[in-house]
Amino acid sequence: QAQTPQQRRANEKFQKEQEARRGKSEDQLKKKTKEVFKAPISPLWLVLLGFVVFGGIIVEVFSRFFLR
């Protein structure tokens, strides 16, 4: 059974990772791994919170100055 292009790319990536690890101790490998920062709140919730807070302020200012 022939490999699909996706399988071939995955196998090549795995082979490169294994070659990079060859001959190194676990301590050396752990030092190179980087932790990816993940925000504690999703961007969607930040936008919604900003809309609620600043949207209310904008509506209040608009109503005070333009709807006398």
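The model is predicted. Start with the helix itself. H3 runs over residues 43-66. Its 24 residues should span 34 Å at 1.5 Å a residue.

Now look at how H3 is covered. The count of buried residues among its 24 residues is zero, and the helix is hardly covered. Buried here means under 20% relative accessible area.

A database record covers much of this stretch. UniProt, in an unreviewed entry, places the feature "transmembrane region" at residues 44-67. Such annotations may be inferred rather than shown by experiment. In the model, residues 44-67 are 96% helix and 0% strand. The end C-alpha atoms of that span lie 32 Å apart.

Next come the charged side chains. The count of salt bridges is one. Glu60 and Arg64 form it, with N to O at 2.9 Å. That distance meets the rule because a salt bridge needs the nitrogen within 4 Å of the carboxyl oxygen. Both residues lie in H3, four residues apart, about one turn of the helix. An α-helix has 3.6 residues a turn, so residues three or four places apart point the same way. Glu60 has a relative accessible area of 38%, so Glu60 is partly exposed. Arg64 counts as exposed because its relative accessibility is 56%, and the cut-off for exposed is over 50%.

The aromatic side chains come next. A search of the whole structure finds one aromatic pair. The rings of Phe62 and Phe66 have their centres 5.2 Å apart, with their planes at 40°, so this pair is tilted. An angle under 30 degrees would count as stacked, and one over 60 as edge-to-face. Phe62 and Phe66 also sit in helix H3, four residues apart, about one turn of the helix. Phe62 is partly exposed, at 44% relative accessibility. Phe66 reaches 62% relative accessibility, so Phe66 counts as exposed.

Finally, step back along the chain to the loop. Val36 lies between helix H2 (26-32) and H3. Its relative accessible area is 75%, so Val36 is exposed. How far apart are Val36 and Arg9 in space? C-alpha to C-alpha, the two are 24 Å apart. In sequence, 27 residues separate Val36 from Arg9.

Notes
Residues are numbered from 1 along each chain as its sequence is written. This is a predicted model: local features need pLDDT of at least 70, side-chain atom pairs count only at pLDDT 80 or more; totals for chains, interfaces and linings use all residues. Side-chain values use heavy atoms; hydrogens and water are left out. Helices (H or I, at least four residues) and strands (E, at least two) are DSSP runs, numbered from the N terminus. Buried means under 20% relative accessible area, exposed over 50%, partly exposed in between (1.4 Å probe, protein chains only). Rings of Phe, Tyr and Trp (its six-membered ring) pair if their centres lie within 6.5 Å; planes under 30 degrees apart count as stacked, over 60 as edge-to-face and the rest as tilted. The expected span of a helix is 1.5 Å times one less than its number of residues.
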